[in-house]
Amino acid sequence: MEADFNNDGFADLAVGVPREGVGAAELAGAVNVLYGSTTGLSGSGSQLFFQGGGGVTDVAEPFDSFGAALAAGDFDNDGFVDLAVGVPGEDLQAIPNAGAVNVLYGSTTGLSGAGGQFFSQDTTGVLGTAEPEDTFGSAVGAGDFDNDGFADLAIGVPAEDPGGAALAGAVNVLYGSAAKLTATGNQQFVQGSGGVVGTAEIGDEFGFVLAAGDFNNDGFADLAIGAPFEDVGSVVDAGAVNVLYGSAARLTATGDQQFFQGGGGVAGVAEASDFFGAALGTGDFDNDGSADLAIGAPFEDVGSVFDAGAINVLYGSAAKLTATGDQQFFQGGGGVVGVAENGDAFGIALAAGDFDNDGFADLAVGAVSEDIGATLDAGAVNVLYGSAAKLTATGDQQFFQGNSGLVGVAEEGDFFGAALATGDYDNDSFADLAIGAPFEDVIGVLDAGAVNVLYGSAGRLSGAGNQQFFQGSGGVLGTREEGDAFGSSLA
């Protein structure tokens, strides 16, 4: 769902700044919100949220990492999109890093801390027990899993220890209502329990990343769950993805699927430390009515090139997701722009949007450690375009700072492409692309972070009129400070 927090027809952008210091609380975290307009995103009228400020529940504490994960959805179905903010480092009384989620609600004046909510596994009715280092809220994802008109919220708890299996991971799901999100009828899923495919094993980190999409086109959103450290047979950290399907009775493990490379027809081979499932993106790339699933394997070896990275794409159908006709993309293969190089991490971030408004969703792929010339780890983003014949490298584009008119300069360690989000910020019917560069140095301030925005058109994404935002400039609230990492997450 596009993040239109004030329901004015222009998509808005939430920017996570999880390393922001709040007062004396280092790494407490914050979220900036930029609003869309006829001229695109603007710093004018922007907002800055942090715990304990502007009515946001709780208090900013050191190492909370408020804003480490973001998800937008209309949880109370009032026409205004709301924002879930992960706070994985939240301490619950004496329980360190148990984790929590704040929820801010939209209105005619935008997001507001007033009337917001705060959830943790210590909240009455929420399944599970708040334990040290659970990191509840490390990932969040929104979708209407029971098709009742209210968006629901999936919350990753990748460091949960189900049955004593350290870091096996879990996912909690809260359901929306006219009275906002509620713990009533909430669910918790773990591998090997209640029909969920797989076994809860030490270090799987099931729930590391989440993405919703209607893969079987039945009107109920479904949930893809990344477990990038899943061992496949004896192959350590190869990675896997589970998919749970929506229904009138909420998400269910009935018909649950698990995918990994080399299994069930999925392209590729499960190899040690591929981290398949470290990133997920959903969109209807072939415009057949069923959502499709892009899966990042950012440390996939391509030939003899270590950790170059790749993505797999599975296609939806009335019979659910299938590996039939699945695709694998990597730089330098099949026409994809770029060259597979050691450590590029192609596929570490994914986001889908129809950038050329032709009815087919397109896919942006972050390659956060791409070297630009001799500049190490500057980062880049590739864009693949959808078609009746599925995603294709034909007309593929690659963007990096200082090229194609993009604001900024490719600098060492910027990690341009570490986070991606799409929305029609100027409401011209073409999706636009926001790109996080969380370790961008801003006017001499190391790792302050920045976000570039590219605008869609009939001629695809373009550097023309692109923008760059960072704290303390153009009306964006906050002060650029060393290590803030503005742009670490986007929604």
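What follows is a conversation about how some of those labels were reached in a predicted model.

Colleague: Why is Gln257 called buried?

Modeller: Gln257, which lies in strand 15, has a relative accessibility of 14%, and because buried means under 20%, Gln257 counts as buried. Its contacts include Val241, Tyr245 and Leu321, and its side chain reaches the backbone oxygen of Leu321 at 2.9 Å.

Colleague: What makes Phe229 and Phe275 an edge-to-face pair?

Modeller: The ring centres of Phe229 and Phe275 are 4.8 Å apart with the planes at 70°; rings pair if their centres lie within 6.5 Å, and planes over 60 degrees apart count as edge-to-face, so this pair is edge-to-face. Phe229 lies in the loop between strand 13 and strand 14 and Phe275 in the loop between strand 15 and strand 16, so the pair ties together parts that are 46 residues apart in sequence.

Colleague: Why is Phe208 called partly exposed, whereas Phe229 is called buried?

Modeller: Phe208 has a relative accessibility of 33%, which falls between the limits of 20% and 50%, so Phe208 counts as partly exposed. Phe229, with a relative accessible area of 16%, is under the 20% limit and is therefore buried. Ring pairs link both residues, together with Phe275 and Phe299, into a cluster.

Colleague: How do you know that the charged end of Lys180 sits over the ring of Tyr105?

Modeller: The charged end of Lys180 is 4.9 Å from the centre of the Tyr105 ring, where the distance limit is 6 Å, and the charge is listed as sitting over that ring.

Definitions and conventions. Residues are numbered from 1 along each chain as its sequence is written. This is a predicted model: local features need pLDDT of at least 70, side-chain atom pairs count only at pLDDT 80 or more; totals for chains, interfaces and linings use all residues. Side-chain values use heavy atoms; hydrogens and water are left out. Helices (H or I, at least four residues) and strands (E, at least two) are DSSP runs, numbered from the N terminus. Buried means under 20% relative accessible area, exposed over 50%, partly exposed in between (1.4 Å probe, protein chains only). A polar contact is a pair of N or O atoms within 3.5 Å; within protein, one must be able to donate a hydrogen and the other to accept it, and residues adjacent in sequence count only if both atoms are side-chain atoms. Contact means heavy atoms within 4.5 Å. Rings of Phe, Tyr and Trp (its six-membered ring) pair if their centres lie within 6.5 Å; planes under 30 degrees apart count as stacked, over 60 as edge-to-face and the rest as tilted. A charge sits over a ring if NZ of Lys or CZ of Arg is within 6 Å of the ring centre and within 35 degrees of the ring normal. Lists of a residue's contacts leave out its neighbours within four places in sequence.
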